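Please read this briefing alongside the sequence and the coordinates. It is arranged by topic, with the cut-offs of each term given where the term comes up.

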Amino acid sequence: MTDAAEASLLEAVAQSMPRGASVGVAVSGGGDSMALLDLVSRSAGSRGWGVRAATVDHGLRPEAADEARMVAQHCADLAIPHETLVWRDPPSVGNLQDRARRARRRLLTAWARREGIGHVALGHTEDDLAETFLMRLSREAGLDGLSAMRADWQEEDVCWHRPLLAVSREALRDYLRARALHWVEDPSNDDPAFARVRARSILGHLQPLGMTGATLASVARNLGDARAALARHAAEAAERIARVEGGDVVFGADALRALPAETRRRLLIAALRWVSGAEYPPREAALDALWAAVGDHRDHTLSGCLVLAGGDVVRVTREAAALRGVEGPTDACWDGRWRLDGPDAPDLRIAALGEEGLRHCPDWRESGVPRASLRASPAVWRGADLVAAPLAGLSAGWSAQLAGGRDHFASYLLSH
């Protein structure tokens with residue numbers, strides 16, 4: 001590797017996160033993440049970063065524990081604090097890679113919050129862009145699915161970064177070899193049972209046509225620019241026709257119907273995900289059924305949400321049935337989006353208000369929020385006894401706020 005190429009890698013990483021940041025690095029032990037760890041470590045002094053690292057052991061391979069120990073030792077050599085995060089309940093059925101990815105993100109998020117880490121760096125590369133493009137192309141993905149993965153985004157109080165998306169996997173291995181650094185190869189990377197491995201193989205056959213990893217990554221980035229433009233247009237529309245009320249997203253019905261179909265689709269998807277916390281949007285057929293119901297002024301359920309469409313507004317609220325059994329302590333975020341403040345006690349818990357709880361809130365109509373919405377709102381309980389329902393007019397010294405700046409729906413459209 002030339003000095004210029006190495007300097008370019010260091011510059012890409014150094015400029016990816018702000019000065020003085022508390023930086024976490026997700027390190028599996030593979031080549032991409034080991035290179036990222038070294039680049040972050042070398043940039044830390046000039047950028048004033050405090051660096052920590054974490055390795056997720058999914059418990060799926062016997063070698064994983066040894067690989068985590070290898071990373072821990074390398075971090076010790078670099079004087080970087082390291083922690084191994086263990087996935088305790090790997091599933092025996094379903095899409096294992098997708099579930100492992102979600103578990104990895106949950107574990108890393110919890111680690112970052114626990115350690116006060118504001119920025120987490122991930123080692124995805126240009127090759128990952130190209131492989132993901134091919135995988136999604138085979139599933140007939142639309143613009144959003146084919147667009148390049150985001151280089152930066154924020155989820156509540158953690159900022160995520162992919163500083164190496166313009167760098168090839170082989171360039172990172174050149175860097176590691178030049179630095180005499182060790183890495184491990186996951187044997188699953190050669191297992192054709194996995195779609196990503198098959199995509200990697202197909203990519204090699206496409207190169208004679210000029211369809212290299214860099215070419216497909218460039219296409220994905222171009223599509224990403226188009227997606228960003230559409231998201232900005234949808235956010236501008238949201239500023240005009242949407243408001244947040246009682247944790248719901250409320251659209252003017254006529255204004256929503258007057259929007260171009262793609263803008264309307266984006267607003268509805270964003271509202272469903274914003275209210276429910278769903279990671280993925282619903283399928284197109286389900287969205288078509290939702291819009292048909294809205295057009296007929298009929299209420300409809302989708303993605304754990306209830307869409308009320310009987311009047312001059314279209315309201316997307318949480319579906320009360322989706323919250324059965326969802327409860328937690330009063331000092332934790334409930335349903336992924338509500339935080340309650342009040343005179344706490346050890347025997348209190350948060351759960352949905354429900355129909356029974358609403359009967360104990362005689363002033364609920366004064367809130368201006370529909371009955372269906374209030375049934376899914378957060379309430380404080382002591383056993384079977386209702387203590388407080390802040391959104392339904394029974395405060396008892398309690399208040400409820402949307403967590404993590406989630407009261408600004410238009411901003412959500414731009415960040416998701």
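This is a predicted model: local features need pLDDT of at least 70, side-chain atom pairs count only at pLDDT 80 or more; totals for chains, interfaces and linings use all residues.

Residues are numbered from 1 along each chain as its sequence is written, and side-chain values use heavy atoms, with hydrogens and water left out.

**Nonpolar cores**

- A nonpolar core is here a set of buried Ala, Val, Leu, Ile, Met, Phe, Trp, Tyr and Cys residues joined through side-chain atoms within 4.5 Å, where buried means under 20% relative accessible area, exposed over 50%, and partly exposed in between (1.4 Å probe, protein chains only).
- The largest nonpolar core has 57 residues, and F251, L267 and F409 are those with the most contacts inside it.
- Helix α11, residues 261–276, gives the most to this core, with 8 residues; helices (H or I, at least four residues) and strands (E, at least two) are DSSP runs, numbered from the N terminus.
- Another core lies apart from it and has 30 residues, among them L9, L10, A121 and Y175.
- With contact taken as heavy atoms within 4.5 Å, and not counting residues up to four places away in sequence, F251 touches I241, A242, L256, L267, L268, A271, D312, V313, V314, V316 and F409.

**Surroundings of V25**

- V25 is found in strand β1, residues 22–26, and counts as buried because its relative accessibility is 0%.
- Leaving aside neighbours within four places in sequence, V25 is in contact with L36, L37, V40, V51, R52, A53, A54, W111 and A121.
- Although V25 and L37 are 12 residues apart along the chain, their C-alpha atoms are separated by 6.4 Å.

**Strand pairing**

- Two strands pair if DSSP finds at least two bridges between them, and by this rule 4 strands form an open sheet in the order β12-β14-β15-β16, with antiparallel pairing.
- At the edges of this sheet stand β12 (327–328) and β16 (385–388), each with a single partner strand, so one side of each is left without a neighbour in the sheet.
- The antiparallel pairing of β12 with strand β14 (residues 349–352) runs over 2 bridges, and E327 stands opposite A351 in β14.
- Strand β5 (residues 152–155) pairs in the antiparallel sense with strand β6 (residues 158–161) over 4 bridges, and the bridge partner of D152 in β6 is H161.
- The hairpin of β5 and β6 has 2 residues between the strands, and in this hairpin E156 takes a positive phi near 55 degrees.

**Positive phi in loops**

- A79, a residue other than glycine, has a positive phi near 60 degrees; A79 is placed in the loop between α3 (64–77) and β3 (82–86) and is exposed, with a relative accessible area of 68%.
- H297, also a residue other than glycine, has a positive phi near 60 degrees; H297 is placed in the loop between α12 (284–295) and β9 (300–302) and is partly exposed, with a relative accessible area of 44%.

**Cavities and a pocket**

- On a 1 Å grid over the protein atoms alone, a cavity is a set of points where a 1.4 Å probe fits but cannot get out, a pocket is an open set with protein on both sides within 12 Å along at least five of seven lines, and lining residues have an atom within 4 Å of a point.
- Grid points are joined across faces, edges and corners, and a volume is the space filled by probe spheres set on the points.
- A search of the whole structure finds 2 cavities of 30 Å³ or more, and about 50 Å³ of space lies in the largest cavity.
- Of the 14 residues that line the largest cavity, G246, D248, S373, A376 and S377 are the closest to its centre, while β11 (313–318) and α14 (371–375) each supply at least two residues of this lining.
- The second largest cavity has a volume of about 40 Å³, and α5 (126–138) and α6 (143–146) each supply at least two residues of its lining, with α5 giving the most, 4 residues.
- The second largest pocket has a volume of about 170 Å³, and its lining includes E327 and A351.
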